[in-house]
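Here is a short tour of one protein model and what it holds. Have the sequence and the structure open while you read.

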Amino acid sequence: GSAAHATALETIVRDAVRTTPVWDLHTHLYPVAFGTPNAGAGAPTDPKGLLLWGVDELLTYHYLVAEVFRVVPSRVLPYQDFWRMSKEAQADHIWRHLFLERSPISEACRGVLTTLQALGLDPDERDLGRYRRWFAAQNPDDHIDRVMELGGVNRITMTNAVFDDNERLRWLENPNVGADSRFEGVLRFDPLVRDWPAAAAKLTRWGYAASETLDDASIANARRFLNDWIDRVKAIYCAVSLPPSFRYDSPDDGSYSSRVLADIVLPVLAERDLPFAMMIGSQLQVNPALGDAGDMVGPADVFSVTRLANDFPQNRFLCTMLARENQHALAVAARKFGNLLVFGCWWFLNNPSLVEEITRMRVELLGLSFVPQHSDARVLEQLIYKWRHSRELIADVLVDKYNDAAAAGWRATESEVRRDVALLFEKNFASFVEAPAT
Ligand code: RAT
Ligand code: ZN
């Protein structure tokens, strides 16, 4: 009967979503060669290392820093005092105020619990010392494999911020620093598009003479800069995050960002046949004292995205937007342009209620032609919770949609369901970046 069929279908969908490996297209994770501030077993300590992992990093994630300053505000613990504390002391503070003195039910808190539990630790022990000892016994390189397994992730995409001195110097010192088959490179260059005059000054210092006026020589040198760094990080796409105020009307609309896109970034990417990712809607540093936790969301302009997709048909655009208010128009925009791939529920949207709502709407408007999620993990083990939580919600939506199709007489087979989930988790992105799927 149809009730039995619905149960069988649900089992198939949930199993496909649970077992299909995902290509995580945006994280802030790195191979061990980039250094790690946690020694663990078998790794030297590098205080400025870029691979963050372990329970103290999980607890001091910037999402939780923001939350702890709500309950212990800066008039009680001044920002500078918090930032001067050791990482362990910061983690103790967050653990005490967000886990012990009130229950950890925000999404970021819940993420720590899911992660500890999946690693075989008992969150109910509430014993930070024990968790620390367990993490200290891990070898970070092996730990990456274990975490990827538990998160169901088979490829991790980095964010290689070329304007970050700490990261840039590591690439210059060791050309093989990114050589780890589990990781893919992405060239990220926000200042180039957000603040051309400042970027031009840096390019000049780095041997790519560029002036504010964006004359022919500056354009040629900036293109050479991009080409060199695309090669160096073996970028599979390039990316920027943009403010809510970002506008693109035409190449000569008078803004630096439009000229930089039209004369430098998009021609290079078209020539290299690489997509350009735009993450739009983050207003940086509305509270600078909070550091990474001090950024805000604001609604942005979706027509700027449609104009870019229309004016540059030789380019491919990945796009995610931060404001809930932009999600519907962005999904509609993707209906208009085959060179626009919508991805992820970014940052403040990565909460169950919003992931569910956005994913449901995207399936209704776009079928299977989008990428439902990325993790944005900054701490290795976050891969586990970000993907477990998202998978549950994606499965909920898909179960409903396959049931709706079944009610209309279309019964998806198990292999069809697995094919579809592979599109969402890996193949849509793989074909967009023209990389072989696994
Ligand atoms: O989600 C985050 O952790 C943000 O701080 C940003 O990293 C954002 O995802 C970005 O890539 O700019
Ligand atoms: Zn990010």
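This is a predicted model: local features need pLDDT of at least 70, side-chain atom pairs count only at pLDDT 80 or more; totals for chains, interfaces and linings use all residues.

## A metal site and its neighbour

His26 counts as buried, at 2% relative accessibility; buried means under 20% relative accessible area, exposed means over 50%, and partly exposed is in between, with a 1.4 Å probe and protein chains only. Before going on, two notes on how to read all this. Residues are numbered from 1 along each chain as its sequence is written, chains are lettered from A and ligands numbered from 1 in the order in which they are written, and side-chain values use heavy atoms, with hydrogens and water left out.Back to His26: what does the zinc ion (ligand 2) have around it as coordinating residues? His26 (NE2), His28 (NE2) and Asp376 (OD) coordinate the zinc ion, at 2.0 to 2.1 Å. Donors here are N, O and S atoms within 2.8 Å of the metal (3.2 Å for Na, K and Ca), and because water is not among the atoms, sites may look incomplete. Along the chain, the donors of the zinc ion follow the spacing H-x1-H-x347-D. His26 sits in the loop between strand S1 (22-24) and helix H2 (55-59), and Asp376 in the loop between helix H16 (352-366) and helix H17 (382-407), so this pair ties together parts that are 350 residues apart in sequence. Helices (H or I, at least four residues) and strands (E, at least two) are DSSP runs, numbered from the N terminus. Asp376 is buried too, with a relative accessible area of 8%.

Next comes ligand 1. Its surroundings include His26, His28 and Asp376, along with His62, Tyr63, Arg188, Trp346, Trp347 and Arg378; a residue is listed if one of its heavy atoms lies within 4 Å of the molecule. Three of these residues place a polar side-chain atom by an oxygen atom of ligand 1, and a polar contact is a pair of N or O atoms within 3.5 Å.

| Residue | Distance from its polar side-chain atom to an oxygen atom of ligand 1 |
|---|---|
| His62 | 2.9 Å |
| Tyr63 | 3.0 Å |
| Arg378 | 2.4 Å |

How much of ligand 1 does the protein bury? Taken alone, ligand 1 exposes 300 Å², and the protein buries 94% of that. The space that ligand 1 takes up is the largest pocket.

Away from the ligands, a few other residues are worth a look. Leu59 belongs to helix H2 and is buried, at 0% relative accessibility. Leu59 and His93 are 34 residues apart in sequence, with 9.3 Å between their C-alpha atoms. Thr45 lies in the loop between S1 and H2 and is partly exposed, with a relative accessible area of 48%. From Thr45 to Ala6, 39 residues along the chain, the C-alpha atoms are separated by 53 Å.

Ala408 is in the loop between H17 and helix H18 (414-432), and its relative accessible area of 69% makes it exposed. Ala408 and Asp295 are 113 residues apart in sequence and 46 Å apart in space, C-alpha to C-alpha.

Two residues have a backbone angle to check. Lys234 has a positive phi of about 50° although it is not a glycine; Lys234 is in the loop between helix H12 (216-233) and strand S5 (235-242) and is exposed, at a relative accessible area of 64%. Gln285, also not a glycine, has a positive phi near 55°. Gln285 is found in the loop between strand S7 (282-283) and strand S8 (296-297), and is partly exposed, with a relative accessible area of 32%.

Conventions:
Residues are numbered from 1 along each chain as its sequence is written. Chains are lettered from A and ligands numbered from 1 in the order in which they are written. Side-chain values use heavy atoms; hydrogens and water are left out. A polar contact is a pair of N or O atoms within 3.5 Å; within protein, one must be able to donate a hydrogen and the other to accept it, and residues adjacent in sequence count only if both atoms are side-chain atoms. Accessible areas come from the Shrake-Rupley method with a 1.4 Å probe; for residues, only the protein chains shown count as cover. On a 1 Å grid over the protein atoms alone, a cavity is a set of points where a 1.4 Å probe fits but cannot get out, and a pocket is an open set with protein on both sides within 12 Å along at least five of seven lines; lining residues have an atom within 4 Å of a point. A molecule sits in a cavity or pocket if more than half of its atoms lie within 2 Å of its grid points.
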